[in-house]
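Let's go through a fold together, one feature at a time. Have the viewer open and ask as we go.

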Amino acid sequence: TLSDRSQTGTRDKAYVAALWNNLGVQQEKLGGIEVSVKAFKRAVTFAPRNPTALLNLTQAYWGLRHRALTQQFLETVIQIAPDDPFPHLALAELLIDKGRKADATPHLKRAKTRIHRDPLLTTLLEKLEGKTAQVAAATTPARRIVGSSSMICVNRRRNSGSSSTIRTDLR
C-alpha cells in the first residue's frame, strides 16, 4: 500500500542518513573536519530532523568557523536537540562575536544547566562567560580582565559508539 511505501521510504532515508553520518565521522578521523562536512550535510539532507546528524554538522561548522553556522541554523538545531548544550554555546559565541553579549547570556545559562559536568564544554562555557563578563568589567575602570587565547578539544562526534576530537582556538 501507499502508506507502507511511505514508511519504507522514511526508514530507508534514516538508514542512508546514518551511513552518511558514520562516513563523516570516519572521514574526520582520517582527514580532519574539512573533509567530513560534505558527508554530514548529506546525512542532514536525508534526515533533517535527526539530532545526531545535525549536531555533528553543527560541530563541524563550528570547528571550521563555516559561514553556514548562522543564528537561524543554530536555532533550528536547538529546536531539534534542545537538551544538548553545544548548540547553545555555539549560538552564544556567535552572538558575542556580533557584539550582542546580552542576547548570548540566556544561551549560556541554558547550556550551563545542560552540560552535566562535561569538562570540554565546561571550558568553552567558562571562556564565553568570561567574554560576557568583560562588558561589565569595561564599565568598572578599577578592574582589569586580560584575555588569553586557549585551545580546547570538543570530543562529541556521534555514530555507533565512536567519537573523534575537534581542536580549535577559542577567541
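Q: Why does the end-to-end distance of helix α5 (residues 85-97) agree with its 13 residues?

A: Helices are DSSP runs of H or I with at least four residues, strands are E runs of at least two, and both are numbered from the N terminus. The expected span is 1.5 Å times one less than the number of residues. For α5 that gives 18 Å, and its end C-alpha atoms are 18 Å apart, so the two agree. Keep in mind that this is a predicted model, where local features need pLDDT of at least 70, side-chain atom pairs count only at pLDDT 80 or more, and totals for chains, interfaces and linings use all residues. Residues are numbered from 1 along each chain as its sequence is written, and side-chain values use heavy atoms, with hydrogens and water left out.

Q: Is α5 mostly covered or uncovered?

A: Buried means under 20% relative accessible area, exposed over 50%, partly exposed in between (1.4 Å probe, protein chains only). In α5, 12 of the 13 residues are buried, among them F86, H88, E93 and I96. Across the protein chain's 171 residues, 40% count as buried.

Q: What sits at the start of α5, and what comes just after it?

A: A side-chain oxygen of D84 comes within 2.8 Å of the backbone nitrogen of F86 at the start. Just past the helix, G99 has a positive phi of about 80°.

Q: Which elements make up the protein chain?

A: Seven helices and two strands, in the order α-α-α-α-α-α-α-β-β from the N terminus.

Note on methods: A polar contact is a pair of N or O atoms within 3.5 Å; within protein, one must be able to donate a hydrogen and the other to accept it, and residues adjacent in sequence count only if both atoms are side-chain atoms.
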